[in-house]
Amino acid sequence: MRHLVFVCHGLLGMNATLHKFEAALNQALGDDYKAVLLCHSWGYTETLYGIDHLGRLAADEILRTCAQHDVWSISLIGISLGGLVLRRAATLLYMAKNIPGSSNSIVFEHYTSLGSPHMGVADDAGVFTRFACRWLLGQTGLDLTDPAFLHDAMVTKDDLLAMSAFKTRTAVCNEVSDVRVGYWSSSLGKMGDYTGPSNPVAALDWRIIPTGFNSFFSHSIVSMNSFFIAQWTPLLDKIIESWDIAK
């Protein structure tokens with residue numbers, strides 16, 4: 001094994017729903033790669049504590065796992081909110097790596113988000129989604145509806161340097177029928193009807209993969225829920241293809 005692939009679930013998510021995705025990822029990638037589900041130390045409701053808080057937890061867990069295996073080449077797959085959490089974690093890891101005397105030797109390989117609200121949640125989201133973000137989902141919900149956080153706090157110089165350090169950046173997006181995350185948001189404003197402020201992270205080279213899903217359960221499918229394995233299995237091949245891994 002020479003490479004670790006860290007997978008982070010979304011808001012109120014559970015690793016129990018991702019074991020089939022973990023197994024499929026390991027089988028598809030081969031012996032040189034190992035998929036690792038993050039969030040083992042997180043409580044179910046801790047995903048409500050804000051993106052910065054979760055990013056710090058993820059960064060700590062990634063560092064511990066890399067040190068445990070003595071493997072420092074990593075890729076990140078963020079599912080829904082997990083995409084933003086791992087962007088924050090990548091920034092923290094990048095900053096720590098550049099501290100003189102740091103033992104952090106991480107090498108960034110690939111970043112992939114699956115239906116992630118990079119541009120937040122706006123009025124085109126479902127009524128329940130908007131209500132939940134503003135009143136039920138704690139600091140995380142407020143983060144997702146706060147342009148100042150999404151376009152300033154999440155887009156510092158270090159954020160841009162960290163994201164540019166990845167060899168590939170891929171955003172998997174539902175074009176239609178996603179009542180939680182709009183196409184414009186999951187594609188970083190590159191696709192769909194987006195007229196808001198631009199996001200400097202979007203100016204980097206991104207590969208956009210539309211899912212083609214058209215179902216009430218589109219977000220659950222792109223979240224790689226084990227219950228929908230038949231629907232998302234073909235998508236896995238497209239994700240790995242986007243990484244340009246030499247076989």
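Reader: What makes Phe21 count as buried or exposed?

Author: Phe21 has a relative accessible area of 0%. Buried means under 20%, exposed over 50%, and partly exposed in between, with a 1.4 Å probe and protein chains only. Phe21 is therefore buried. Trp232 is also at 0%, so Trp232 counts as buried. This is a predicted model, where local features need pLDDT of at least 70, side-chain atom pairs count only at pLDDT 80 or more, and totals for chains, interfaces and linings use all residues. Residues are numbered from 1 along each chain as its sequence is written, and side-chain values use heavy atoms, leaving out hydrogens and water.

Reader: Why are Phe21 and Trp232 called an edge-to-face pair?

Author: Rings of Phe, Tyr and Trp (its six-membered ring) pair if their centres lie within 6.5 Å. Planes under 30 degrees apart count as stacked, over 60 as edge-to-face and the rest as tilted. Phe21 and Trp232 are 5.6 Å apart, centre to centre, with 85° between the planes. So they pair, edge-to-face.

Reader: What makes the pair of Phe108 and Phe166 tilted?

Author: Their centres are 4.7 Å apart and their planes 45° apart.

Reader: How do you know whether Phe108 and Phe166 are buried or exposed?

Author: Phe108 has a relative accessible area of 4%, and Phe166 has 2%. Each value is under 20%, so both are buried.
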